[in-house]
Amino acid sequence: MDVFDILAQYKNISLEILKALLEDEFDNLDTLLDKRQELIDILNDKNKNQLNNIIEELNLLELETKIQNLLKEKLQSLRNQLKNFNEKKSAAKAYTNKENLDSIFLNKKF
């Protein structure tokens, strides 16, 4: 398999990763990333000059940047959702505990 074919496969897998991220299909990411890593391992043994020329020709750096930015956005979004969930959870818990304490004091007063 020549370098161009390997990089074309790499680009196709990268596009699938981008699609999976856009559609929030995180279950497929591990498999796709593993396939892409296998191609990277194969490319490590190839001619670097030829590799750089083909990478530029296929615009792989732009695609890689899009994937990284989208991954960062999704990760930050998930972190914010978890933070909001934890804040709501602790607020609800505090409200419930306060309600229980108030009823104890009310019962003792009567």
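Visitor: How many helices and how many strands are there in the protein?
Guide: The model shown here is a predicted one, and its elements, followed from the N terminus on, run α-α-α-α. Counting them gives four helices and zero strands.

Visitor: Is Ser14 buried or exposed?
Guide: Ser14 lies in helix H1, which covers residues 3-22, and its relative accessible area is 1%. Since a residue is called buried when this value is under 20%, Ser14 is buried.

Visitor: Which residues is Ser14 in contact with, leaving aside its neighbours within four places in sequence?
Guide: One of these partners is Glu64, a residue that lies in helix H4, made up of residues 60-109.

Visitor: Is Glu64 buried or exposed?
Guide: Glu64 is in contact with Tyr10, Ser14 and Arg36, leaving aside its neighbours within four places in sequence. Its relative accessible area is 18%, and because the cut-off for a buried residue is under 20%, Glu64 counts as buried.

Visitor: How far apart in space are Glu64 and Leu18, C-alpha to C-alpha?
Guide: In sequence, Glu64 and Leu18 are 46 residues apart. In space, taken from C-alpha to C-alpha, the distance between Glu64 and Leu18 is 9.2 Å.

Visitor: Which residues gather in a patch of negative charge on the surface?
Guide: One of them is Glu23, whose place is in the loop between H1 and helix H2, the latter spanning 29-43. With a relative accessible area of 44%, Glu23 is partly exposed. The whole patch of negative charge consists of Glu23, Glu25, Asp27, Asp30, Asp34, Glu38, Asp41 and Asp45.

Visitor: What is the phi of Asp24?
Guide: Asp24 has its place in the loop between H1 and H2, and at 44% relative accessibility it counts as partly exposed. Most residues other than glycine have a negative phi. Asp24, although a residue other than glycine, has a positive value, near 55°.

Visitor: Where does Asn59 lie, a residue with a positive phi although it is not a glycine?
Guide: The phi of Asn59 is about 55°, and at 42% relative accessibility this residue counts as partly exposed. As for its place, Asn59 lies in the loop between helix H3, residues 48-57, and H4.

Conventions
Residues are numbered from 1 along each chain as its sequence is written. This is a predicted model: local features need pLDDT of at least 70, side-chain atom pairs count only at pLDDT 80 or more; totals for chains, interfaces and linings use all residues. Side-chain values use heavy atoms; hydrogens and water are left out. Helices (H or I, at least four residues) and strands (E, at least two) are DSSP runs, numbered from the N terminus. Buried means under 20% relative accessible area, exposed over 50%, partly exposed in between (1.4 Å probe, protein chains only). Contact means heavy atoms within 4.5 Å. Patches are made of residues with over 30% relative accessible area and no salt bridge: like charges are joined within 9 Å, nonpolar side chains (Val, Leu, Ile, Met, Phe, Trp, Tyr) within 5 Å. Accessible areas come from the Shrake-Rupley method with a 1.4 Å probe; for residues, only the protein chains shown count as cover. A salt bridge is a side-chain nitrogen of Lys or Arg within 4 Å of a carboxyl oxygen of Asp or Glu. Lys and Arg count as positive and Asp and Glu as negative; His and the chain ends are not counted. The place of a charge is taken as NZ of Lys, CZ of Arg, CG of Asp or CD of Glu.
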